[in-house]
Each structure stands twice: as structure tokens, then as C-alpha cells.
Amino acid sequence: MLVDSSILAFFSAATIVVHALGIAHAAHAVMNVRSSRGAIAWSISLITFPWLALPLYWILGRTKFHGYAEALRSVYHQHYQFVRQTYLEITKFQVAVSAKLVPLQLLAEACTGIPFTSGNNAKLLINGQETFAAMLSAIASANSYILLQSYIIVNDQIGNQFKDALIAKAQQGVQIYLLYDEIGSSKLPRSYISSLQKNNIQVSAFHTTKGRGNRFQLNFRNHRKILVVDGEIAFIGGLNIGDEYLGKHRRLSPWRDTHLMLQGPTVQSLQGTFLQDWYWATRKVIDVNWQVKPNQETDFTALIFPTGPADKLKACKLFFVNAINQAQTRLWIASPYFVPDDSTLTALKLAAMRGVDVRIILPNRPDHLFVYLCSFSYYTEMKTMDIKLYRYKHGFMHQKIILIDHDFAGVGTVNLDNRSFFLNFEVMAFIANSQFAKSVEEMLQADLAASVIVDFYEYDRKPLWFNLVVRTSRLLAPLL
């Protein structure tokens with residue numbers, strides 16, 4: 001059967017166009033993809049298999065989030081005097097740090113403009129029961145406003161407890177703003193949001209696909225978890241809002257996680273992070289309390305460090321690599337995922353080589369199989385170094401903690417993987433205080449007691465099919 005010449009001409013023209021687009025996008029990948037290996041992989045795929053590679057590149061190929069920084073610059077210019085006054089209010093509490101932390105202070109100010117401040121209190125909240133009780137108590141105490149942001153909100157028992165608590169405060173005249181990530185909270189029903197909106201609660205998705213160049217991208221997430229009440233108390237950490245964080249997940253229970261309750265200048269710094277995200281999502285500016293209320297009981301030096309794919313510099317990776325390089329005696333990290341890039345892995349190796357006690361705690365039970373498998377691919381590189389890797393055995397561990405020496409610790413939303421370092425909007429609280437570091441040490445010692453140390457040579461004894469799957473998952477590391 002003869003093929004209609006017009007159909008043949010159409011497919012010929014389409015083939016030429018698609019291959020031309022593949023070559024053009026390959027050039028774009030060479031110029032923009034952050035790693036040479038990623039650029040090579042994308043460019044070869046786009047030239048060789050453009051029909052498949054082009055849509056994948058549109059969805060997964062970018063690491064730069066467009067429009068966010070430009071939107072913030074615009075609103076800063078419109079409200080310059082107010083922004084300046086707010087910044088000066090926070091910097092009244094700027095504090096000099098030890099010589100070891102000066103590089104981190106300079107990096108933080110260059111990337112975010114947020115300084116280390118004094119007059120802070122920080123309290124660890126261990127696991128869901130303690131965390132949610134403290135958050136709901138803070139919500140119940142609100143007099144003026146509540147800012148709540150979560151990557152995941154679930155329409156379950158604890159999700160409805162939060163909904164009911166917010167509605168009760170809204171009915172008392174408290175202004176409430178709720179921000180969620182539409183991919184993380186993709187299962188949240190419209191009825192949940194509508195019931196909040198009917199009670200005059202402002203609700204918005206973050207809109208990671210809004211803006212020039214972002215429309216088809218599924219790579220970006222807003223992974224932040226923030227609660228600010230009246231500008232006087234704030235929360236940050238690993239817990240989303242869902243029953244699984246209370247240990248009610250059938251396969252992953254019990255659930256191990258950590259949150260942080262803050263008071264002092266860090267509250268204003270953290271609410272500034274929320275307001276930036278809110279402005280991106282809604283183009284609205286919220287009237288909040290910027291008067292800093294230093295804590296009278298403790299005087300912790302602390303820093304709020306927000307990062308994301310809109311940063312001019314790769315701030316998250318730079319800060320973590322720099323922090324690892326400052327470790328002199330101890331470096332303990334707890335993370336649910338271990339997919340470090342080359343520079344982070346090198347920093348860990350160098351720390352171990354200079355005699356630092358490097359311990360990394362990972363879950364033994366996976367929630368994301370490819371990420372879990374990928375972590376095995378680093379065993380070969382770590383077994384020649386004195387890096388101790390532990391697998392947490394008592395359920396699933398989801399906390400994000402870093403402890404450096406005896407006077408510096410971080411709690412927040414950053415995982416030790418490429419997604420947190422390059423693709424997600426994240427936020428960490430870093431506390432430079434020996435008393436707080438001691439409390440983190442005691443918490444992690446309990447986690448280590450519930451863990452088993454990894455025999456790196458175990459990987460060599462695994463069957464060939466397992467090694468092949470692990471190495472294949474390593475190829476997906478930039479997306480994990």
C-alpha cells in the first residue's frame with residue numbers, strides 16, 4: 001500500500017524539526033546543566049533519542065527556578081524603607097561568632113543576608129507526639145496571626161486536628177495563612193481546602209510550575225515546614241502534617257523524626273522566609289509583627305538559612321560542604337536519604353582523613369526504594385575511609401540533623417541528597433551553642449543505640465543483580 005505523499009512529507013518535516021530541537025536543547029544542556037556528567041548524558045540523549053528525551057528534558061532537565069528572585073526584587077523595591085527597617089531590627093541582634101564559624105557567617109550573609117543572632121532559644125521536639133502537641137498548643141495561644149507551611153498535608157486524623165485548630169482561631173479573629181506544596185500535597189482533597197477558606201483562612205499552593213521556564217518542570221518542590229505564631233514563636237524541622245508522623249504508617253512505623261521550637265530573632269528570620277514564599281504564590285504582602293522579642297531565659301547564637309533553586313549561588317551545597325570542612329573533632333549526620341554529590345562526598349572523606357569522628361545515620365527501612373538502593377553505591381568509596389555508617393533499625397528515620405564538634409548543630413528540612421541541595425526550597429536552623437549541641441548529642445546517641453553499624457564489605461558479597469540495580473540507581477542520583 002502506497003503512503004500518501006502529504007503524510008510522508010509531514011512526518012519528514014516533523015522528524016527534521018524534532019531532531020533540530022534535540023540539537024538545540026543539547027546545546028542548552030551543555031550550557032546550563034550543573035554537572036559535566038549530567039550535561040553529557042542529556043546532550044547524547046537529546047541528539048540520539050529526541051522523541052523521548054525532549055519531553056523528559058522539559059519536565060526534569062532544569063535546576064534553575066525562574067522568576068522567584070525577580071519577584072522578590074520587585075517587591076523589595078516597592079517596599080524598600082520597610083524592608084530596610086525590618087532588616088535593621090534583626091541585625092540589632094547580630095553577634096560575632098567564633099573564628100571557626102566565620103566562614104559560615106560570611107557565606108550565609110552573602111547568600112541570604114541573614115546573620116547569626118543572639119537572644120534565641122531552641123528546644124528539640126522528638127517525634128510526632130511531642131511535636132504536634134507543641135505546635136497545636138502554639139496555635140491555640142495565637143492572638144494576631146498564624147503562618148503555617150508544610151510540604152505534605154494529609155486529610156487524616158492529625159490533619160483534621162490542625163484544620164479544626166486553625167478554624168477555631170480564625171473564628172476568634174486571628175489571621176491565618178496556610179501554604180502547601182501542590183506536588184507533596186497532591187492527595188489533599190479540595191474539600192479540605194474549601195472548609196478552611198470558608199472560615200476566612202487564606203490558603204495557597206506554592207505553584208512550582210508558575211513562571212517563565214517552570215511550566216512543565218516537575219523537579220522543583222517547596223520542602224519547607226514552618227510555623228510562626230504572632231512573630232513570637234516558630235517551628236521548623238522534618239515533620240509534615242499526617243498520621244504517619246505519629247507512627248501510624250502500616251509499613252514504616254514507628255516513625256523517628258525531629259522538629260525544633262524557636263524563640264528570639266530567629267522567629268523574624270523564619271517568618272521572612274515564609275513571606276517570600278507567600279509572595280511568590282499569591283503576589284500579596286502580609287502585615288506581620290517584626291518587633292524582635294529576645295528570649296530572657298537562654299541566649300543561643302543561631303542562624304536561619306533558607307535555600308532553593310532560585311538562589312544565585314548553590315547555597316545549600318556550599319554551606320554544607322563548608323560546615324563539614326569546619327569539623328575538627330566530630331561530625332554526626334542523620335538523614336533519611338544519602339545521595340551526596342562528589343564535592344560533599346569528598347568533604348566527608350577529608351574530614352575522616354584528618355581524624356574527625358564521622359558518623360552517618362540512615363534508615364534501615366526504605367520509603368523510596370531507588371534512593372535506598374543508591375546509598376549502597378557509596379559503600380565502595382567509604383570503606384577505605386574511617387567513616388562509620390549506621391542503619392537505624394527501630395522503624396523509619398526521617399530526621400535531618402547535623403552535629404559538628406561540641407558547639408554547633410543544625411535541624412531543618414535538608415536531606416543529604418541532590419534534591420535538597422539543588423532542586424528543593426529548604427530551610428535549616430543552625431545553633432552555635434554547647435548546651436544545645438549536648439542535647440543533640442544525647443538524642444543522636446539514643447538513635448545510634450537503636451542502629452547497627454554497616455559492614456561496607458557486605459556490599460561486595462551481594463549478588464550481581466543487586467550490584468547492577470544499585471549502580472543503575474546511582475545513574476539517577478541527580479534526580480533522587
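Author: Helices (H or I, at least four residues) and strands (E, at least two) are DSSP runs, numbered from the N terminus. This is a predicted model, in which local features need pLDDT of at least 70, side-chain atom pairs count only at pLDDT 80 or more, and totals for chains, interfaces and linings use all residues. Residues are numbered from 1 along each chain as its sequence is written, and side-chain values use heavy atoms, with hydrogens and water left out.

Reader: Where is asparagine 127 placed, and what is its phi?
Author: Asparagine 127 sits in helix α7 (residues 127-140). Most residues other than glycine have a negative phi. Asparagine 127 is not a glycine, yet its phi is positive, near 75°.

Reader: Is asparagine 127 buried, partly exposed or exposed?
Author: Buried means under 20% relative accessible area, exposed over 50%, and partly exposed in between (1.4 Å probe, protein chains only). The relative accessible area of asparagine 127 is 26%, so the residue is partly exposed.

Reader: Which loop holds aspartate 405, and what is its relative accessible area?
Author: The loop runs between β16 (401-404) and β17 (408-412). Aspartate 405 also has a positive phi, about 55°, without being a glycine. It counts as buried because its relative accessible area is 5%.

Reader: Which strands pair with β6?
Author: Two strands pair if DSSP finds at least two bridges between them. Strand β2 (residues 145-150) runs antiparallel to β6, joined by four bridges. Four bridges also link β6 to strand β7 (residues 233-237), again antiparallel. The partners are β2 and β7.

Reader: What are the bridge partners of isoleucine 226?
Author: Isoleucine 226 belongs to β6 and bridges to glutamine 149. In β7, its partner is isoleucine 236.

Reader: Which way do the side chains of β6 point?
Author: In a regular strand the side chains alternate between the two faces of the sheet. Strand β6 covers residues 226-229, and its four residues are buried. Ile226 and Val228 point one way, and the other way point Leu227 and Val229.

Reader: What is the phi of aspartate 230 in the hairpin of β6 and β7?
Author: Three residues lie between the two strands of this hairpin. Aspartate 230 takes a positive phi, near 60°.

Reader: How many residues of α10 are buried, and what does threonine 266 touch?
Author: In α10, 16 of the 18 residues are buried. Threonine 266 is found in this helix and counts as buried because its relative accessibility is 2%. Contact means heavy atoms within 4.5 Å. Not counting residues up to four places away in sequence, threonine 266 touches Thr117, Asn120, Ala302, Leu303 and Ile304.

Reader: How many helices and strands does the chain have, and what is its radius of gyration?
Author: The chain has 17 helices and 20 strands. The globule rule (2.2 Å times the number of residues to the power 0.38, with the radius taken over C-alpha atoms) gives 23 Å for 480 residues. The chain is as compact as a globular protein of that length, because its radius of gyration is close to that value, at 23 Å.
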